[in-house]
Amino acid sequence: MADGMDGGTEPIAVVGLAGRLPGAADIDEFWRNQRDGVESVTRFSARELVDAGWPAEMVAHPDYVPAAAVVRDGDRFDAEFFGYTAQQAEISDPQQRTFVECVWHALEDTGHDPSRFDGAVGVYGGCFANKYLPLNLLANERFRRSMAAFSARPYNDKDFLATRAAYLCNLRGPAMTVQTACSTSLVAIHLACQALLGHECDMALAGAVALPIPLIGGYPVVAGSIFARDGHCRPFDAAAGGTIPGYGVAVVALRRLSDAIADSDNIRAVILGTAVNNDGSTKFGFSAPNMQAQAEVIATAHAVAGVPSETIGYVEAHGTGTPLGDPIEVAGLTKAFNTRERGFCALGSAKANIGHLDAAAGVAGFARAVLALEHGEIPPSINFSTPNPALVLERTPFYVPTTARPWTRGAAPRRAGVSAFGVGGTNAHVVLEEAPAPRPAAPRARGPQLIVLSARTGKALADAADNLAGHLDRHDDVDVADVAHTLQVGRSGFARRGHLVCGDRAEAVAALRELARTADAGGGVNARQVVFMFPGSASHRPGAAADVHRDEPVFAEQVDRCAELLRPRLGYDVRPLLFPPTGGDRGADDPRGVAAAVFSLQWALARLWQSWGVEPAAMIGRGDGEYVAACLAGVVDLADALDAAVARAEVGAGAAGFADRVAGYEPKPPQVPYISGVTGTWIGPEEAVEPAHWVRHLHEPTRFDDGLRELARQPGRILLEVGPGSALTEVVARQGPAQLVAVPSLPPGGGDRSDRAHLLDAVGRLWQSTVDIDWAALHGTSRPRRVSLPGYPFQRRRYWIGPDAGSYEPLGLEETSWTSHSFPS
C-alpha cells in the first residue's frame with residue numbers, strides 16, 4: 001500500500017459498484033462483456049428509429065449512422081418502490097429515475113443499510129443534458145395544460161439530480177450535482193474523495209447518467225464531429241474515425257480505507273490519488289484538448305498517490321478514438337509518466353465496447369479499471385489492429401492489449417490510472433490500486449446459516465430469491481456465512497419477507513428456488529410484539545439444546561450460573577440432567593433436579609434471545625414456567641427463583657413449607673407484564689409480591705387458555721416458546737385464538753434437524769414478522785465479511801409522455817459535445 005495510512009493521505013476504498021450499461025443489466029455482466037471483448041453496439045432498422053421518434057428524413061439521410069450503444073427500458077421505473085405516483089414518474093426525466101435506482105443498488109453493493117449506517121452518506125452525480133422536458137413534456141399539450149406542468153422542474157432540472165437521490169434514499173451527507181461535460185463523473189469521484197478525506201461524510205456515492213432522447217437512436221455525422229462514420233469506436237487504431245454515442249448509468253460507493261477495513265467491507269480497489277484541472281485558454285479552441293494540461297493532471301494524481309509511474313500497469317484512457325485526440329492523449333500520458341521504460345503499461349478504453357457515455361463516461365471507465373484490478377485481469381481493447389502511427393507507441397510506456405490477459409503482480413501491488421477529459425477543458429485523473437490483502441482469518445461461522453430476503457411486493461421477493469440462487473450457482477467460492485451476514489446487516493427490511501436456514505451453498509440454492517416459487521403468494525405482515533412462553537418442567541427432555549450450549553457462550557454462561565447457584569441447594573451439578581453426554585445421570589429421578597434443570601434451560605434461552613435483541617413485551621408460563629417469567633420480570637432474583645422451582649418440586653414439604661420459603665424472598669413489582677396462571681389475566685403488582693399468590697399458584701389449576709385469550713386482545717403479538725420442544729406452540733395452534741401465532745425455539749425430540757438450525761429458523765420467523773434482531777450479537781465472535789450480491793429487483797413499468805407529433809425536430813437532437821463542428825476532443 002502506497003503512503004496510505006502511514007502518514008500520507010489516507011487511501012479511499014471502493015466498496016460498492018453498480019450500473020446499467022450498454023449490453024449489461026448489472027456490473028457483473030458489464031465485466032464479462034469487457035473481459036470477453038464484446039462490442040455492445042446496437043444497429044437499428046429504419047422502422048425502429050422512426051417509431052422511437054427520429055424524423056424519417058433524418059434516418060434516411062446518407063450521413064445518418066443508425067447505431068448506438070444503448071440501454072434498454074430507459075423509459076421504465078419502479079415508481080412504487082420510491083413512493084412516486086404515476087404522474088410524478090411520468091413527468092420525471094428518465095435520467096433522474098435511472099440514477100436513483102443505480103444509487104440504491106450501489107448502496108446495497110456496499111453491504112450497508114443506509115438507515116443503520118453509522119455516519120453521513122454523501123452523493124455526487126451528474127447527467128447528460130435534460131431533453132425530456134423540452135422535447136417530450138413541453139411538446140405535449142395535455143401536459144402543458146395540466147397542473148403537473150407547474151411542478152415539473154424539480155423532476156427534470158440537473159440541479160436536483162443528487163438531491164433527489166439523497167431524498168429518496170435518505171442520505172444526509174453532502175448532495176451535489178456536478179457538471180463538467182465528458183469528465184463529469186470522474187470529477188464527481190474526485191469531489192467524493194475530497195469530502196471523505198475532509199470528514200464531510202463517512203461514505204460517498206459518485207457517478208453519472210446519460211440517457212439522451214430518444215432513448216434509442218443513431219447519430220448524424222457532420223464535418224469535424226467526434227463520431228465515427230462506420231459505427232465503431234477504435235481507440236488508438238490507425239483506422240480510428242471517432243467514437244459513438246453511449247447510454248447508461250454507473251455509481252461507485254467510497255469510504256475511507258480504515259473504516260472499510262474495520263467494517264469488513266468488500267473492498268474492490270483503493271483510490272490512492274486524484275487530481276482535477278482545466279486547460280485554460282492556451283489551446284486551439286474551447287472544445288479542443290490540451291496535451292500539457294492532460295499531462296499535468298496525470299502527474300499531479302501520481303504525486304498525490306505517491307507512486308512511481310513505472311508501477312502502473314494499466315491506464316483506462318479517455319480514448320475517444322479520434323485521429324487527433326488519441327495522439328494528444330498518448331503524448332500527455334507519456335510526458336506525465338516521465339520514464340525511459342517502454343511498453344510496460346496496457347492502454348484501453350471502455351468506449352470501444354460501449355461508446356461515449358458523455359457525463360457517465362468517466363465512471364464507466366473507472367468501473368472497468370476497478371474490475372480489472374479486482375479480477376487480476378487486463379481486458380482486451382477491441383476494434384484495434386494497427387496502432388495509429390501518430391501515437392509513436394513504440395517510444396512510449398504503453399501497449400494496446402488485443403486479448404484478455406492475466407495481470408501478474410510484481411514487486412509492487414497492481415495499479416491503474418483512469419482519465420477523463422471534458423469538452424471545455426476540465427480534466428480528471430485517478431490512480432487506483434488493488435485491494436489490500438484481507439486481514440488474517442477471524443473465527444468463521446460454522447454450521448447452519450440464516451438467509452433473509454425482503455421486498456416491497458411478492459413478485460419482487462420471488463425475483464430476489466431467484467436472482468440470489470443464480471448468483472450462488474455462478475459463484476462457487478462464496479461463503480454462505482458471508483452471504484447471510486450481508487443480507488442481514490446490509491439490506492433494508494421491507495414488508496414482504498422470506499427466510500431460509502441452510503448448511504451450504506447447494507442447500508441455499510435449492511431453498512431459494514423454492515422460495516422463488518412460493519414468495520409471490522400471500523400478503524405482508526405487520527410489526528409484532530414478542531411474548532415469551534415458558535413451558536415449565538413438563539417439557540424436560542435430556543439433551544435438548546446440547547449444541548446450543550456448545551456453540552452459544554451466552555447460553556452456556558447462564559446455564560453455568562444457574563448450576564452454581566443450585567449446587568448447594570441440590571448437592572449435585574444439574575448440568576448432566578440437561579446434557580447427559582457431559583457427565584453422569586445423578587438426579588435423573590429427582591423431581592427437584594428436573595425442575596431446576598428445566599428452569600435453567602428456559603432462563604438461559606430467554607437470556608440468549610435477549611442478547612440477540614429480542615425483548616419480550618409480555619410473558620406467560622405454564623406451571624412452574626411462570627417462575628421464569630417472574631424472574632425475568634424482576635419480581636424475584638435468579639437465586640430465589642431457582643429456590644422456588646426446587647421448593648415447588650418438594651411436594652412433601654407441603655404448602656406451609658413452600659409459603660415459608662417464599663416469605664423469605666424480597667419480591668418487587670414486575671417490570672415486564674406477564675399473565676398469571678392463577679387468574680388467567682395480567683398479574684398485578686401487589687399480587688406478584690404476595691406469598692399467598694405463590695401458594696395458590698402451587699395448588700390451583702393453571703388457566704393457560706384464559707391467558708392466551710387475554711393475550712389475543714391486543715393484535716400484532718407473536719408468541720415465542722422459550723424452552724425445549726413445541727408443546728405450547730401446538731396448544732396455541734390447536735386451541736388458541738386464531739389471531740395468535742406461536743413459534744418454538746427448539747425442536748421436539750427425534751427430529752433430524754439440529755437445535756441450532758431450529759433456533760435460527762425461529763429467528764427467521766421472528767424477523768419475518770418484522771421483529772428487529774441484533775445480527776452482530778447473533779454472529780457472536782465470528783467475523784463474516786460483506787460481499788457483493790444481486791441488488792433489489794426493481795419492478796419497473798413504463799412511465800412516458802411523448803410529443804404530440806410523435807417525432808422530434810432534428811435541431812432538438814443536436815448536442816455540442818456530440819456533434820461539435822469544432823476541433824475534435
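Reader: Is asparagine 170 buried, partly exposed or exposed?
Author: The relative accessible area of asparagine 170 is 42%. Buried means under 20% relative accessible area and exposed means over 50%, with partly exposed in between (1.4 Å probe, protein chains only). Asparagine 170 is therefore partly exposed.

Reader: What kind of model is this?
Author: Residues are numbered from 1 along each chain as its sequence is written, and side-chain values use heavy atoms, with hydrogens and water left out. Local features need pLDDT of at least 70, side-chain atom pairs count only at pLDDT 80 or more, and totals for chains, interfaces and linings use all residues; this is a predicted model.

Reader: Where is asparagine 170 found, and what is its phi?
Author: Asparagine 170 belongs to the loop between α8 (161-169) and β7; helices (H or I, at least four residues) and strands (E, at least two) are DSSP runs, numbered from the N terminus. Its phi is positive although the residue is not glycine, with a value near 55°.

Reader: Which strands stand at the edges of the sheet?
Author: The open sheet has 11 strands in the order β7-β6-β8-β10-β1-β11-β18-β17-β12-β13-β15, with mixed pairing. Two strands pair if DSSP finds at least two bridges between them. One side of each edge strand is left without a neighbour in the sheet, because each has a single partner strand: these are β7 (175-177) and β15 (398-399).

Reader: How many bridges join β8 to β10?
Author: Strand β8 (residues 203-210) runs antiparallel to strand β10 (residues 248-256). Within this pair, alanine 204 is opposite leucine 254. The number of bridges is seven.

Reader: How is α9 oriented relative to α14?
Author: The axes of α9 (residues 184-197) and α14 (residues 361-375) are 5 Å apart and meet at an angle of about 70°; axes are lines fitted to C-alpha atoms, for helices over the stretch in contact, and angles run from 0 to 180 degrees between N-to-C directions. Angles under 35 degrees count as roughly parallel, over 145 as roughly antiparallel, 65 to 115 as roughly perpendicular and the rest as oblique. Helix α9 is therefore, relative to α14, roughly perpendicular.

Reader: Which residues does asparagine 140 touch?
Author: Asparagine 140 lies in the loop between α6 (132-137) and α7 (141-144), and at 7% relative accessibility it counts as buried. A polar atom of its side chain is 2.8 Å from the backbone oxygen of glycine 802. Leaving aside residues up to four places away in sequence, its contacts (heavy atoms within 4.5 Å) are Ile801, Gly802 and Asp804.

How values were computed: Polar contact = N/O pair within 3.5 Å; in protein donor to acceptor, adjacent residues only side chain to side chain.
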